[in-house]
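Q: I would like to learn how to read a model of this kind, beginning with the overall shape and ending with single residues. Could we take the features in turn?

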Amino acid sequence: MNQLNLYHIFYTVAQCGNISAAAKKLYISQPAVSKSISRLEENFSSPLLIRSSRGVALTENGQLLYRHLETAFQAIRQGEEIVSQRDLMGAGSLSVGVSTTLCKYALLPYLQNYITANPYVKISLSCQSTYETISSLENGTLELGLVGESDRLESSRLDFLPIRDIHDIFVCSPEYMNKLKKQDDSDDVLLSRGTFLLLDKNNATRQYMDKYMLLQNITMEQQIEVTTMDLLIDFARIGLGIACVIGEFVQDELKEGSLMECSIREPIPPRRIGFAYPRSAKPSAAMNAFLALVRG
């Protein structure tokens, strides 16, 4: 019998004040209880109980040991309760990959609702490009990714749960538009003479726009490349050029008039964003809970 079992038997005897009552509570025989107490007393080379016909009483050392065991067993019970609560409330962990833009404008509301419903889940966020997220999902270093539809996604071994359409648009400040219109007010000239504010070429949104502009024979002779859409929006707002942004993410700027949409010949086809996850992997309880929230 290990030391913890001996302590548990002693603790129960001290609580009951009687070896017979302790034996019933522990579902073991009285001789087994007495033997365990004797072994513990041998370990300490000191008596822990005073036995009499009316029951048992604690010696001074027995009282000291009992007080410490009471604290220890209380801590164990609290630990068991916490673990049980975590299981009931969906504890675990969830790793999510997402671009900085989609994290700010699309993921945060889902995270807020999810954490409210699952407060014990540990969330790990990796802010990276869509293509990096897809690669991480395929090699198993991420469980879930918020990404835009792309050729890379379609050829992957991932399932895709769409959540909304997004619309790419061209925007600039009213002052910048007026400057371009002084040269020529036709849409074609506005776009061809303007300075384009674009994401870097490794970005999925940039690659989607490159394809569109190639099909529409729109040239981009003057370009400024940045790494985030927030910078594109800021640069366009202060009049540095025409930014290609996601329309849903600049609604406040369009309403307040700090940005305006540039008209173009052919609307840019909408795209979808959604959550991607490995097709073959068994989802964890934490991820199942997240996907259930997304599906509503």
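Predicted model: local features only at pLDDT ≥ 70, side-chain atom pairs only at ≥ 80, totals over all residues.

Q: How many helices and strands does the protein have, and what share of its residues is buried?
A: The protein has 13 helices and twelve strands, and buried residues make up 41% of its 296 residues. As for the surface, the protein exposes about 16,200 Å², of which carbon and sulfur atoms supply 51%.

Q: What share of the contacts joins residues at least 24 apart in sequence?
A: Here one begins with contacts between residues at least 6 apart in sequence, and among these 70% join residues at least 24 apart. A pair of residues can also be compared directly, by sequence and by space: Ile115 and Phe290 are 175 residues apart in sequence, while their C-alpha atoms are 9.5 Å apart in space. Ile115 is found in helix 5, and it counts as partly exposed because its relative accessibility is 40%, between the limits of 20% and 50%.

Q: How much space lies in the largest pocket, and which residues are closest to its centre?
A: The largest pocket holds about 360 Å³ of space; it is lined by 22 residues, and the closest to its centre are Ser99, Thr101, Ser129, Thr130 and Asn203. The elements that give two or more residues to this lining are helix 5 (100-117), helix 10 (204-215) and strand 12 (271-278), and helix 5 gives the most, with three residues. By class, the lining of the largest pocket divides into eight nonpolar, twelve polar and two charged residues.

Q: What volume does the second largest pocket have, and which element gives the most to its lining?
A: The second largest pocket has a volume of about 180 Å³. Among the residues that line it are Tyr131, Glu149, Asp151, Arg152, Glu154, Lys211 and Arg271. Helix 7 (151-154) and helix 10 each supply at least two residues of this lining, with helix 10 giving the most, namely four. The lining of the second largest pocket has three nonpolar, two polar and six charged residues.

Q: How many cavities of 30 Å³ or more are there, and which residues line the largest cavity?
A: A cavity differs from a pocket in that a probe fits inside but cannot get out. The count comes to one cavity of 30 Å³ or more, and the largest cavity has a volume of about 40 Å³. Leu197, Leu198, Leu199, Thr205, Arg206, Met209, Leu232 and Cys244 line this cavity; strand 8 (195-199) and helix 10 are the elements that give two or more residues to the lining. Its residues divide into six nonpolar, one polar and one charged.

Q: Why does Ser136 count as buried, and which residues does Ser136 touch?
A: The step of reasoning needs a cut-off, since buried means under 20% relative accessible area. Ser136 counts as buried because its relative accessibility is 13%. Ser136 is found in helix 6 (residues 130-138), and, not counting residues up to four places away in sequence, it touches Gln128, Thr141 and Leu142.

Q: Are Tyr27 and Ser45 buried or exposed?
A: Exposed means over 50% relative accessible area. Tyr27 is exposed, with a relative accessible area of 77%, and Ser45 counts as exposed at 67% relative accessibility.

Definitions and conventions
Residues numbered from 1 in each chain as written. Heavy atoms only, no water. 1 Å grid on protein atoms, 1.4 Å probe; cavity = no way out; pocket = protein on both sides within 12 Å on 5 of 7 lines; lining within 4 Å. Points joined across faces, edges and corners; volume = space filled by probe spheres on them. Nonpolar A, V, L, I, M, F, W, Y, C, P; charged D, E, K, R; others polar. Buried < 20%, exposed > 50% of the residue type's maximum accessible area, 1.4 Å probe, protein only. Contact = heavy atoms within 4.5 Å. Areas by Shrake-Rupley, 256 points an atom, 1.4 Å probe, with all protein chains shown as cover.
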